[in-house]
Amino acid sequence: LLLRWRRRRGLWKKVEEARRRQERSLVQMETAVQRFREQHPSVNAVSILSLPLPELSKKLRDGSLPPEHVFYAYVGKALQIAIETNCITEYLQESETQVRKAKLTEKLGLLYGVPVSIKDSIDCEGHDSTLGFIKNINKPAAEDSVVVQVLRRQGAIPFVKTNVPQSLISYDCKNLIFGQTFNPLLYTRSPGGSSGGEGALVGGGGSILGFGTDVGGSLRFPAAFCGICALKPTGNRLRYREPPAMNVLFWSLPVVAAVGPMAKDVESLALCMRALLCEDMFNLDSTVPPLPFNEEVYASTQPLRIGYYETDFFTMPSPAMRRAVRETKQMLEDAGHTLVPFELTNVDYMMFNFCVRGMFADGGASFLKKFKGELEKSSMGVFFWLAKSPSWLKTLLSWIAKPFHLLMPFMGFLSFFSTVDEVWSLHHEIEEFCYQFIAQWKKLNLDVMLCPMLGPALGIGYPGKLSVAVSYTMLYNALDFPVGVVPVTVVTDEDEEELKGYKGYFRDWWDRTLAKAFRGSAGLPVAVQCVALPWQEELCLRFMKEVEAL
């Protein structure tokens, strides 16, 4: 007991140290901004913050806006949003030196002088990538991840790291070290996750361009919940060197993780992709295919043939979600595009066999190992109990649970693979599923797809109870398709009234809880997903731009 007490005391000391560092970061930001304002009282920060990224970048590159003015304007705004939402975990103080040196740069990259924010899990040299784990405190990265290296070479200035949920396996944003991050639009709502700190900061205007990762919707949930845009590229179109702690799951097997940008508008995402898809990216990581940004595809005005669906018949959409798709469909048709119904099948099978069961193929043993020695086991107590259970009990529970949809989210821990042959069979099934999906796409001669996006933002604590509701996003990680999120409407009083009749497809505890999570959301943004085939990010962005304009 004494040894256990000493160990826990040591862990709490590390937590307190990390929190003090977070507090020092905010003080450093405040000091830097105050000093700059005293030296440059005439700088109009409000006008700088109102500029969209393409215009801001142009002014920085032609010299009409000094990098210091832009940098400190965003540091000041980021500080305000951090105080309101608790989204920043660390200030990268070396960014001040980078700003001073920016004037000496001869070759100006596309993102010259642009301050950017970085998700906690993406390595920045000299700074922790904690993933919400205490064991990762005081383990600074030895070098920048590939995407951060390319950003620096393009002239961008990473200036803060942002909060994540413990282990990243959540679409909320809370961990024991830095606490809960709040939605800047409504503090009682979640900002989404796992790139929730980025969503809150960009959504609140404290960053003009942010970077997160996505393994089941981790870019798309924060974008949709906070009313901004995001792009999840094909898994290998962009790369970031994962920290060792990132290997929480067998993410390379059933679903594909991706790194991508978040911004207020689609044109900003396109500018970011232009900058990143360069020789530096291809040289630093030879596994990235050398495919530069295709301007011709992005700039095309040819009418599109667009597939669409209003539901996946697994998670019943909220009235606002359904209306968002219907209204967008109608506007696209009025603009001259062709809309074709697309029917999804076997989403429940895909969710539990490919994603949940595949990610926890060893019965959750590897996942459990990452939490060893931690003070908190996130909000997944039942998962941990199941992962620790003996094999015979898992087999028995799996047999008992099969008829009950209520226990489906836990099936990954129950129906683990006992032979290598079973794992190979899973690979084959995923390939077959992807082949059939693309075959249906080709048969309808589609260019892109319009889909619902879970929304509006759920109340804090609800995402942890509703892991099953990731079906709309997880599908495109399993398929490894590029997909973006664009806000298109807000929840109306009529939506709220219609929500009173929401029952769900299974009429179980999950559906009743989801209905509660949706309530009281009038005025909050609702988004749609825009999907393209693998390696067609430019077409995806072109479609997103069309939806945004309409």
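These legends describe close-up views of a predicted model.

**View 1. Helix α1 packs against helix α4.** Helix α1 covers residues 2-39, and helix α4 covers residues 67-85. Their axes come within 9 Å and cross at roughly 135°. That angle makes α1 oblique to α4. The crossing is left-handed. From α1, the contact takes in L26, M29, E30, A32, V33, F36 and R37. From α4, the residues are E68, H69, Y72, V75, G76, A78, L79 and A82. Sorted by class, this contact of α1 with α4 has ten nonpolar, two polar and three charged residues.

**View 2. Helix α13 meets helix α20.** Helix α13 runs over residues 347-359, and helix α20 over residues 471-479. The two pack at an angle of about 65°, with their axes 10 Å apart. Angles of 65 to 115 degrees count as roughly perpendicular, so α13 and α20 are roughly perpendicular to each other. Their crossing is left-handed. On the α13 side, look for V347, M350, M351, C355 and M359. On the α20 side, look for S471, M474, L475 and A478. By class, the contact of α13 with α20 has eight nonpolar residues, one polar residue and no charged residues.

**View 3. C173 is in no disulfide.** A disulfide needs two cysteine sulfur atoms within 2.5 Å. By this rule, the count is zero disulfides. For C173, the nearest cysteine sulfur is that of C87, 8.8 Å away. Is C173 buried or exposed? C173 counts as buried, because its relative accessibility is 0%.

**View 4. C451 is in no disulfide.** The nearest cysteine sulfur to that of C451 belongs to C530. It is 8.0 Å away. The relative accessibility of C451 is 0%, so C451 counts as buried.

**View 5. T301 sits in a loop.** The loop lies between α11 (295-299) and β9 (305-308). T301 has 70% relative accessibility. Exposed means over 50%, so T301 counts as exposed. How far apart in space are T301 and L277? The two are 23 Å apart, C-alpha to C-alpha. In sequence, T301 and L277 are 24 residues apart.

Notes: Residues are numbered from 1 along each chain as its sequence is written. This is a predicted model: local features need pLDDT of at least 70, side-chain atom pairs count only at pLDDT 80 or more; totals for chains, interfaces and linings use all residues. Side-chain values use heavy atoms; hydrogens and water are left out. Buried means under 20% relative accessible area, exposed over 50%, partly exposed in between (1.4 Å probe, protein chains only). Axes are lines fitted to C-alpha atoms, for helices over the stretch in contact, and angles run from 0 to 180 degrees between N-to-C directions. Helices (H or I, at least four residues) and strands (E, at least two) are DSSP runs, numbered from the N terminus. Angles under 35 degrees count as roughly parallel, over 145 as roughly antiparallel, 65 to 115 as roughly perpendicular and the rest as oblique. A crossing is left-handed if the near helix is turned anticlockwise from the far one by less than a right angle, and right-handed if clockwise. Contact means heavy atoms within 4.5 Å. Ala, Val, Leu, Ile, Met, Phe, Trp, Tyr, Cys and Pro count as nonpolar, Asp, Glu, Lys and Arg as charged, and the others, Gly among them, as polar.
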